[in-house]
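Subject: Structure handover

Hello,

Here is the structure I promised to pass on. Please open it first, then read my notes below.

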Amino acid sequence: MAGVEVKVEGLSKSFGRANIWSDVSLTLPPGEVSVLLGPSGTGKSVFLKTLIGLLKPERGSIVIHDTDLVRCSESRLYELRKLFGVLFQDGALFGSMNLYDNIAFPLREHTSKSESEIRDIVDEKMALVGLTGDEMKLPGEISGGMRKRAGLARALVLEPEIILFDEPDSGLDPVRTAYINQLIVDLNAQTDATFLIVTHDINTAQTVPDNIGMLYRKRLAMFGPREVLLTSEEPAVAQFLNGRTQGPIGMAEEKDAAQAAREMEEAGQLEGLPALKPQLQPSPGVGERMAVGRRRDRVLQMLHTLPPAAQQAIRDSYAEDPLPYEPPTGPIQKPGLPPKRSAGMAYAAPEVTDLQGYDPGYDATQSLRPSPASRPRWRRR
Ligand SMILES: Nc1ncnc2c1ncn2[C@@H]1O[C@H](COP(=O)(O)OP(=O)(O)OP(=O)(O)O)[C@@H](O)[C@H]1O
Ligand SMILES: [Mg+2]
């Protein structure tokens, strides 16, 4: 199973008259790991469910293997769904089935494999997530972390090309979060599948993905190489990454104020932007992630379009094998946040990928090294 590109364009989703998000466009690069951030209730889970065709968007397209999931036939959608492995937010295990039967379920449902073939696959996936010996346990008898890992094993049995994780780290202590994050990176190296992870965990966002996006005010505020968001001084982004309660992200637009407050508190009270941490590497013996080389080429192509702080952070991350300096061409990107809506005003979302006419405040043709003043706060110390 090798990774496949997922191209989302102009996607909008409402429930009745309640718009959840509009005009979401992003491409999940094949085999890379992407993270989706956003305050509670901004529709991250709805986005994952839309990607796998469980929810129908009103507008837009989701193209995988040249097929638009939004418009294809039911039978084609059924086929395409098999490309996905999903770890749902609550694990979604059947409470009355032991772990073995839970994990075997998709194989019994979707394949004509014999019970002995199924046993081999289930044993392998249970070993992979560290659950060997727990086959007979019921979901109600195990810890939250074990339930997540069982959900992950079940998501893997059909050898998916795309794996969606809805908060794989929620409710876990830091040690178990570190364990599951390492497991995700190792899995990516082993499978080269395309990963999308929804998380609130700042450490996960900082250390696991190649790319990060953020849903905010019913739009995808940005999506791009991890360094763009992690060096952004855009107030809402910096607030979110620092978990501060002071900032443009208000409780009113969130589903559950108490929960959001807890998340903010858990995230800590840091000053300025957190330092960029190195990306997690696969465990010894697991092998290289195949996406690393592809990602390097891809990022080099777009480097000149990124804000200076992101460019510098990307160059720093490739310090051992420095990126060549390419003469910049084309428009500069700005990681834009949507403006506040005001009543009666036409609302134009900023194009994240192509901001013609945007004044970046620096001359991208002159120097690729940012001036000290344009460097993010954490670098100026
Ligand atoms: N099937 C549905 N019918 C109607 N409204 C729904 C449905 N599913 C979700 N919603 C609404 O969509 C909004 C976004 O929900 P969603 O669960 O995607 O948020 P989220 O970003 O995943 O939040 P959290 O971080 O708390 O998990 C919420 O207001 C929710 O009530
Ligand atoms: Mg959710």
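A polar contact here means a pair of N or O atoms within 3.5 Å. Keep that cut-off in mind for the ligand. Note also that this is a predicted model.

**The ligand**

Start with S40. An N or O atom in the S40 side chain sits 3.1 Å from an oxygen atom of ligand 1. G43 uses its backbone instead, with an N or O atom 3.0 Å from an oxygen atom of ligand 1. Ligand 1 exposes 650 Å² when taken alone, and the protein buries 67% of that.

**The chain as a whole**

The chain has 13 helices and 10 strands. Of its 381 residues, 54% are buried. Its accessible surface is about 17400 Å². Carbon and sulfur atoms hold 53% of that surface. Look at the contacts with a separation of 6 or more: 70% of them join residues 24 or more positions apart.

**The cores**

The largest nonpolar core has 45 residues. Which members touch the most others? They are L37, V122, L152, F165, F195 and L229. Take L37 as an example. Beyond its neighbours within four places in sequence, L37 contacts K44, T199, A205, I212, G213, M214, L215, L229, F240 and L241. As background, nonpolar side chains in soluble globular proteins tend to be buried together.

**One residue to look at**

Find A150, in helix α5 (residues 144-156). Is A150 buried or exposed? It counts as buried, because its relative accessibility is 0% and the cut-off for buried is under 20%. Setting aside residues up to four places away in sequence, A150 touches L93, L99, I103 and L131. L131 is 19 residues from A150 in sequence, yet their C-alpha atoms are 7.4 Å apart in space.

Over to you.

Best wishes

Methods:
Residues numbered from 1 in each chain as written. Chains lettered and ligands numbered in written order. Predicted model: local features only at pLDDT ≥ 70, side-chain atom pairs only at ≥ 80, totals over all residues. Heavy atoms only, no water. Polar contact = N/O pair within 3.5 Å; in protein donor to acceptor, adjacent residues only side chain to side chain. Areas by Shrake-Rupley, 256 points an atom, 1.4 Å probe, with all protein chains shown as cover. Helix = DSSP H or I, 4+ residues; strand = E, 2+ residues; numbered from the N terminus. Buried < 20%, exposed > 50% of the residue type's maximum accessible area, 1.4 Å probe, protein only. Contact = heavy atoms within 4.5 Å. Core = buried A, V, L, I, M, F, W, Y, C linked by side-chain atoms within 4.5 Å.
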